[in-house]
Amino acid sequence: MSVSPPDMREILRTFEDNRLLPNLFGEHHRNLSELESALGVSIFAHGNEVRIRGPEAACEAAAHVLDEIYRRIATGHVIDAGDVMGAARMAVARTKPDAPS
């Protein structure tokens, strides 16, 4: 039996509109891979569900980024990898203890 460190977390997100997911995930899930690298989490997509695993603060940040990008796509914005990475950088900055509120 494996024991997870106390700060490890798993977050499940379910996205309603499957038609938006290719843009959210990126070609070959590139956007998800970029988020994994930037935030130090593991992201697993299956259908319209996304599981995010890792340190609690990083999981929260990744979930926030995915929610925000999904909202942008749902309202008609065109996003690219630069938008995803910019959102990830902002999320990383918010998770640092000395980040301004």
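This is a predicted model: local features need pLDDT of at least 70, side-chain atom pairs count only at pLDDT 80 or more; totals for chains, interfaces and linings use all residues.
## Nonpolar core

The largest nonpolar core holds 28 residues, and the members touching the most others are L24, L35, V41, I52, L66 and I69. At least two core residues come from each of α1 (21–25), α2 (30–39), β3 (49–55), α3 (56–74) and α4 (81–95). Helix α3 gives the largest share, 10 residues.

Leaving aside residues up to four places away in sequence, I69 is in contact with L24, I79, D83, V84 and A87.

## P55 in strand β3

P55 belongs to strand β3 and is partly exposed, at 30% relative accessible area. Beyond residues up to four places away in sequence, P55 touches D7, M8 and G40.

## Salt bridges

The model has nine salt bridges. One of them joins the side chains of E60 and R9 at 2.0 Å, N to O. This pair links helix α3 to strand β1 (residues 8–14) across 51 residues of sequence. Both partners are partly exposed, E60 at 38% and R9 at 33%. R9 and E60 also form a salt-bridge network with E56.

D67 and R13 meet in a salt bridge at 3.0 Å, N to O. Here too helix α3 is linked to strand β1, with the residues 54 apart. D67 is buried, at 18% relative accessible area, whereas R13 is partly exposed at 26%.

R72 and E68 form a salt bridge at 3.6 Å, N to O. They are about one helical turn apart because four residues separate them in helix α3. R72 is partly exposed at 28%, as is E68 at 27%.

Key:
Residues are numbered from 1 along each chain as its sequence is written. Side-chain values use heavy atoms; hydrogens and water are left out. A nonpolar core is a set of buried Ala, Val, Leu, Ile, Met, Phe, Trp, Tyr and Cys residues joined through side-chain atoms within 4.5 Å. Buried means under 20% relative accessible area, exposed over 50%, partly exposed in between (1.4 Å probe, protein chains only). Contact means heavy atoms within 4.5 Å. A salt bridge is a side-chain nitrogen of Lys or Arg within 4 Å of a carboxyl oxygen of Asp or Glu.
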